[in-house]
Amino acid sequence: ASAQPTAPEDLQIPGKPDIRPRSNEDEAQTPQLTVPRRPGSNRPPLITAIEIVGASSDNEKKARRVLQSKPGESLDPDKQREDVRRLYELGIFQPDIVVELDQRDDGVVLRYVVRSNPTVRDIHIIGNIKIPTEKLLAQLPVKKGETYTVQAQNKIRESIQRYYEEKGYTDAVVRVDERPTADNGVRLEITVDEGTQTKVKDFIIRGNKSISNLAIQLRTTNKG
């Protein structure tokens with residue numbers, strides 16, 4: 001088997017959103033590319049142009065930097081599959097990337113149809129009383145204006161819940177709701193039930209020179 005191509009530097013960009021690997025279901029939804037042949041030849045056609053449909057101008061530039069397929073080369077399904085993987089691993093597109101071919105007299109136009117992940121337009125936190133909103137916003141792995149992926153919801157919930165646990169609110173509950181907005185955006189509504197805080201009331205250590213005889217008494221009370 002041939003070695004997998006090395007991922008380009010673009011796939012290691014700082015701040016790239018967390019993404020899940022493409023699943024077997026994602027792969028099954030990607031149509032198999034049927035390579036047309038040149039008239040009177042068994043050779044695959046030349047790629048005359050590459051189009052990326054559904055991406056913003058900035059995202060299109062990022063996408064073109066990672067493509068293996070190049071205009072002027074012969075169509076190669078292995079390269080097109082690698083292109084799909086690399087496009088998804090940028091973290092800015094949803095997994096249902098479609099490959100299309102537009103046959104022309106002098107070759108084919110290779111087209112990738114993508115759907116961009118939404119952008120976080122606003123974040124609203126309610127239910128927090130003991131901990132200020134600014135401190136909770138600082139804990140979020142996704143900020144306003146950044147790309148929002150399907151993994152982000154769990155990451156947000158876990159980060160806030162962990163912060164509450166560190167502050168003694170071990171039974172805090174966090175819910176994250178996503179509200180679609182215009183221009184492929186999403187508004188995040190985070191609801192917090194802080195529960196009760198666990199505080200150490202007394203911490204008494206009695207002992208002598210022998211560690212084996214050390215007695216520790218720890219009494220805790222829950223205060224709402």
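Analyst: Happy to! In helix H5, the residues Ala152, Ile156, Ser159, Ile160, Tyr163 and Tyr164 are buried, where buried means under 20% relative accessible area, with a 1.4 Å probe and protein chains only. Seen down the axis of H5, these buried residues fall within an arc of 130 degrees, so they line one face of the helix; the arc is that of the directions from the helix axis to the C-beta atoms. An α-helix has 3.6 residues a turn, so residues three or four places apart point the same way.

A word on the background: this is a predicted model, in which local features need pLDDT of at least 70 and side-chain atom pairs count only at pLDDT 80 or more, while totals for chains, interfaces and linings use all residues. Residues are numbered from 1 along each chain as its sequence is written, and side-chain values use heavy atoms, leaving out hydrogens and water. Helices (H or I, at least four residues) and strands (E, at least two) are DSSP runs, numbered from the N terminus.

What covers that buried face? The cover over the buried residues of H5 includes helix H4 (133-139), S5 and S6. H5 itself, residues 152-166, packs on the sheet and touches S5 and S6, contact meaning heavy atoms within 4.5 Å. The direction of H5 makes about 145 degrees with that of S5; axes are lines fitted to C-alpha atoms, for helices over the stretch in contact, and angles run from 0 to 180 degrees between N-to-C directions.

With 15 residues at 1.5 Å a residue, H5 should span 21 Å, and its end C-alpha atoms are 21 Å apart, which agrees; the expected span is 1.5 Å times one less than the number of residues. After H5 comes Gly168, with a positive phi near 100 degrees.

Now the sheet. It is open, with three strands in the order S4-S6-S5 and mixed pairing; two strands pair if DSSP finds at least two bridges between them. S4 (119-126) and S5 (173-181) are the edge strands, each pairing on one side only. S4 runs parallel to S6 (residues 185-193) over seven bridges, and Ile125 has Ile190 in S6 as its bridge partner. S5 and S6 run antiparallel, joined by nine bridges. In their hairpin, three residues lie between the strands, and Asp183 takes a positive phi near 60 degrees.

Definitions and conventions
Buried < 20%, exposed > 50% of the residue type's maximum accessible area, 1.4 Å probe, protein only.
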